[in-house]
Amino acid sequence: MRIRAALAVTAATAGTFAAVAAAPAQAAEYSSALKVRGVQYDAPGRDSNSCSTGNTRDEYLTIKNYSSSATVNLKGYVVKDAAGTVFRFPSNHYLQPGDYIKLRGGHGTDSDAKNVVYRQNCNFLWNNDKDTIYLYKASGARADVHGYGKSADDRDGNGYITFHG
């Protein structure tokens, strides 16, 4: 009986290692105060990237400062998708501890008071079926990464996925 139990534990452990090895990139935890809190990857309604009448503003990424004491400047931070589309925060945006900012598509006026930065681009950034979100510090070090799949991660089908509470 002990041999079977030991074999079962060994098999379970080997399965755990296999699962860890096969785990997606978001399984790694990075030492960064800033993390992706969530993504509205599928804007409500029919997708239209028309700058005047489209809904790219309704697609957004929420980045939150999870530090209890450090203020973080977003200038130079980079958001990237799996295809390599890049957005670099060009201006100073200071996130106090616990504060967040929504990176929206479309054109608009950035506002610290309204916690919003616009990509100044009317193209959608996130795929509606699956994608990977990368967040890099201004130094180039990875701050956070999350992959998602519509059927696996968006159980209620509303186009929004939460990563960090």
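Read along the sequence, the protein follows the pattern α-β-β-β-β-β-β-β-β-β-β-α-β. Its secondary structure comes to two helices and 11 strands, where helices (H or I, at least four residues) and strands (E, at least two) are DSSP runs numbered from the N terminus. The model is predicted: local features need pLDDT of at least 70 and side-chain atom pairs count only at pLDDT 80 or more, while totals for chains, interfaces and linings use all residues. Residues are numbered from 1 along each chain as its sequence is written, and side-chain values use heavy atoms, with hydrogens and water left out.

**Overall figures**
- Of the 165 residues of the protein, 38% count as buried; buried means under 20% relative accessible area, exposed over 50%, and partly exposed in between, with a 1.4 Å probe and protein chains only.
- Among contacts (heavy atoms within 4.5 Å) with a separation of 6 or more, 58% join residues 24 or more positions apart.

**Glu59**
- Glu59 lies in the loop between β1 (34-40) and β2 (60-65).
- Glu59 is buried yet has no salt bridge, a term for a side-chain nitrogen of Lys or Arg within 4 Å of a carboxyl oxygen of Asp or Glu.
- The nearest side chain of opposite charge to Glu59 is Arg119, 4.4 Å away; in this count Lys and Arg are positive, Asp and Glu are negative, and His and the chain ends are left out.
- The side chain of Glu59 reaches the backbone nitrogen of Leu125 at 2.8 Å.
- Not counting residues up to four places away in sequence, Glu59 touches Gln40, Tyr41, Ala43, Leu103, Arg104, Gly105, Arg119, Phe124, Leu125 and Trp126.

**The cavity**
- A cavity is a set of points, on a 1 Å grid over the protein atoms alone, where a 1.4 Å probe fits but cannot get out.
- By this rule there is one cavity of 30 Å³ or more.
- The largest cavity holds about 40 Å³ of space, a volume being the space filled by probe spheres set on grid points joined across faces, edges and corners.
- Glu59, Tyr60, Leu61, Leu103, Gly105, Arg119, Leu125 and Trp126 line the largest cavity; lining residues have an atom within 4 Å of a point.

**Residues with positive phi**
- Asn115, in the loop between β7 (100-104) and β8 (116-118), has a positive phi of about 55° although it is not a glycine.
- Asn115 counts as buried because its relative accessibility is 12%.
- Gln120, in the loop between β8 and β9 (130-136), is not a glycine either, and has a positive phi of about 55°.
- Gln120 has 38% relative accessibility and therefore counts as partly exposed.

Conventions. A polar contact is a pair of N or O atoms within 3.5 Å; within protein, one must be able to donate a hydrogen and the other to accept it, and residues adjacent in sequence count only if both atoms are side-chain atoms. On a 1 Å grid over the protein atoms alone, a cavity is a set of points where a 1.4 Å probe fits but cannot get out, and a pocket is an open set with protein on both sides within 12 Å along at least five of seven lines; lining residues have an atom within 4 Å of a point.
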